[in-house]
Amino acid sequence: MAMSKNAAFCAELKSRNGVEVDPAERQPVEAELGADAIQYKLTPAGLRQLFQSLSDQSPSGGDTADTGSRG
């Protein structure tokens, strides 16, 4: 069975920019969200790639301006 586009993107992102999660970080996340809730975390480059991909998929014609407050 072929891998979905999202699954392929996630696999590539993990292989290129995924780093192991420290057990001290993993424990509270899994306590809150359940076992295996966090598998890896992204490097700064991986976060940029993820956000760029999401930005590239913004609905056309919509107002994509950030109107949220930043503090």
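At 33% relative accessibility, Glu-12 is partly exposed, a class that lies between buried (under 20% relative accessible area) and exposed (over 50%), with a 1.4 Å probe and protein chains only. Its side chain meets that of Arg-16 in a salt bridge at 3.4 Å, N to O; the term covers a side-chain nitrogen of Lys or Arg within 4 Å of a carboxyl oxygen of Asp or Glu. Both residues belong to helix H1, four residues apart, about one turn of the helix. Arg-16 is exposed, at 62%.

The model is predicted: local features need pLDDT of at least 70, side-chain atom pairs count only at pLDDT 80 or more, and totals for chains, interfaces and linings use all residues. Residues are numbered from 1 along each chain as its sequence is written, and side-chain values use heavy atoms, with hydrogens and water left out.

## Overall fold

The protein chain has three helices and two strands, in the order α-β-α-β-α along the sequence. Helices (H or I, at least four residues) and strands (E, at least two) are DSSP runs numbered from the N terminus. Of the 71 residues, 8% count as buried.

## Asn-17

Asn-17 also lies in H1, which spans residues 5–17. Asn-17 is buried, with a relative accessible area of 11%. The side chains of Asn-17 and Gln-49 form a polar contact of 3.0 Å; such a contact is a pair of N or O atoms within 3.5 Å, where within protein one must be able to donate a hydrogen and the other to accept it, and residues adjacent in sequence count only if both atoms are side-chain atoms. Beyond its neighbours within four places in sequence, Asn-17 has contacts (heavy atoms within 4.5 Å) with residues including Lys-41, Leu-42 and Thr-43.

## Helix H2

Helix H2 (residues 23–33) lies largely in the open, because the number buried among its eleven residues is zero. At its start, a side-chain oxygen of Asp-22 comes to within 2.8 Å of the backbone nitrogen of Ala-24. Just after the helix, Gly-34 has a positive phi of about 105°.

Within H2, Glu-30 and Arg-26 are four residues apart and form a salt bridge with the closest N and O atoms 3.4 Å apart. Another salt bridge joins the side chains of Lys-41 and Glu-25 at 2.8 Å, N to O. This pair links distant parts of the chain, with Lys-41 in strand S2 (residues 41–42) and Glu-25 in H2, 16 residues apart. Lys-41 is partly exposed at 32%, and Glu-25 is partly exposed at 38%.
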